[in-house]
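Biologist: Could you take me through one part of this model in close detail? I would like to look at how the pieces touch one another.

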Amino acid sequence: MMESLEPLLAEHPFLKGLDPRHTQIITGCASNVRFDTGQIIFREGEEANQFYIIRQGKVALQIYTPGRGSIIIDTLTEGEVLGWSWLIPPYQWRFDAVASELTRAIALDGKCLRNKCEADHDLGYELLKRFSSIVDQRLESTRIRLLDIYDSNP
Amino acid sequence: MIATLEQKKNITAASADRKPVLFRISRVQKDTHDTFTIDLEPPKGGFYFEPGQFNMLYLHGVGEVPISICGDPSAHDKLIHTIRAVGTVTKAMQKLKKGDLLGVRGPFGTNWPAEESAGSDILIIAGGIGLPPLRPSIYHVLANREKYGKVVLLYGTRTPKDILYRKELEQWRARFDMEVHVTVDRAAGDWHGNVGVVTTLISRSHFDPSSTVAMLVGPEVMMRFTVLELQKRGIEPDNIYISMERNMKCGTGFCGHCQYGPTFICKDGPVYPYPAIKDVFVKREI
């Protein structure tokens with residue numbers, strides 16, 4: 001018998017404390033995935049119909065720049081969430097995501113979840129609050145890095 | 001139990017001589033494109049210091065600069081400083097060779113609460129050139145490993161090329177009794193480590209916030225955000241220690257160059273319990 005992903009989702013920091021009814025709804029859109037080291041998870045410009053709850057491993061978010069190759073702009077690891085482009089039109093990835101090491105995650109079907117959020121606004125609001133917090137953290141991190149604080153001539 | 005600021009004052013540089021003593025350089029090592037490490041041979045009797053203290057290093061005919069001591073506090077026969085070449089004096093020091101002489105005054109300033117933190121988890125957070133002032137504490141904690149709970153080192157730099165003490169970081173990371181996370185602000189696609197600001201590593205680390213002593217050194221902006229993140233994780237302000245940096249000249253609190261609010265960093269700092277400077281920490285132009 002296949003084990004349900006519900007307990008794994010309920011324990012993940014991103015979804016911890018969620019109403020069990022909502023966790024159950026989300027589980028209906030979830031599937032287990034695994035990426036080997038170096039495997040591309042998604043590419044810039046592709047349709048963004050999923051996001052990933054990382055259980056183990058590390059993912060590099062990259063952007064390709066002509067003449068400089070791929071530049072890593074962020075890394076995400078166990079306990080974190082990869083991708084929010086599925087939430088925002090036109091639902092396209094803005095960056096490449098590559099597994100830096102063996103990564104196990106739970107993929108959530110964005111289309112399925114968007115429909116469920118439309119039908120249940122409480123779920124939609126709860127998820128948006130949690131994603132807003134992630135966006136806030138990443139924006140803060142980006143702003144600090146913009147300051148180039150370790151430069152010897154700041 | 002954690003030392004108060006008053007207790008810390010008692011172990012400052014009372015014995016530090018105001019005249020530089022000449023030390024001979026036994027080794028110079030280039031660490032990164034702008035950072036180098038100088039090993040000095042102390043004259044007879046050795047050199048004693050507490051983790052977190054600094055020396056005034058004097059290069060004859062050029063000038064004097066405050067530099068944190070970054071060697072092992074239990075190794076009295078060697079005095080080590082890692083220096084970033086950013087100004088006239090430090091750029092001139094970069095040209096020094098084995099056998100040259102360097103003037104030393106010190107040690108000055110307050111120390112990390114390494115002894116007082118026995119029984120607690122230790123969280124060490126360094127940004128850029130902030131790792132050297134913390135290294136003596138790491139040596140002390142690892143030499144007395146059984147006295148502490150979890151030991152976590154978080155280190156952020158600009159790029160992979162700016163990482164200091166690479167070999168030691170690898171050795172520390174390989175230990176089963178220490179957690180080490182390194183992150184850089186930017187990296188090419190072939191980098192397998194973390195990219196992101198050092199504060200992002202806090203939520204990825206394993207320690208008990210109710211029993212953790214945090215020691216921080218780095219650019220002030222980094223430390224401001226780090227303090228916020230530590231408090232968000234539940235670490236009490238009393239258990240957060242910060243090392244400050246200003247233009248230190250005399251090292252003994254007479255000249256006033258390093259005044260920081262009501263304190264002088266050279267004698268009341270550089271290591272402060274966060275509550276002691278909380279009010280001035282967020283003030284502009286101080």
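Modeller: Chain B falls into domain 1 (5-108) and domain 2 (121-281), with bounds that come from an automatic or database domain assignment. This is a predicted model, in which local features need pLDDT of at least 70 and side-chain atom pairs count only at pLDDT 80 or more, while totals for chains, interfaces and linings use all residues. Residues are numbered from 1 along each chain as its sequence is written, and chains are lettered from A and ligands numbered from 1 in the order in which they are written.

The centres of domain 1 and domain 2 of chain B, taken over C-alpha atoms, are 20 Å apart. Where they meet, 27 residues of domain 1 of chain B are in contact with 23 residues of domain 2 of chain B (contact: C-beta atoms, placed from the backbone, within 7 Å). On the domain 1 side of chain B, at least two residues each come from α1 (5-9), β3 (54-59), β4 (63-68), β5 (79-84) and β6 (101-108) of chain B; helices (H or I, at least four residues) and strands (E, at least two) are DSSP runs, numbered from the N terminus. β6(B) gives the most to that side, with three residues. The residues of that side of domain 1 of chain B divide into 11 nonpolar, 10 polar and six charged, where Ala, Val, Leu, Ile, Met, Phe, Trp, Tyr, Cys and Pro count as nonpolar, Asp, Glu, Lys and Arg as charged, and the others, Gly among them, as polar.

Now to the contact between the chains, which takes 19 residues from chain A and 25 residues from chain B. On chain A, the elements giving two or more residues to the side that touches chain B are β4 (58-65), β5 (69-77) and α4 (121-146) of chain A. β5(A) contributes the largest share of that side, eight residues. By type, the residues on the side of chain A that touches chain B are eight nonpolar, eight polar and three charged.

β5(A) also pairs with strand β10 (residues 187-188) of chain B, in the antiparallel sense over two bridges (strands pair if DSSP finds at least two bridges between them). Within this pairing, Ile71(A) has Ala188(B) of β10(B) as its bridge partner.

Conventions
Two residues are in contact if their C-beta atoms, placed from the backbone, lie within 7 Å.
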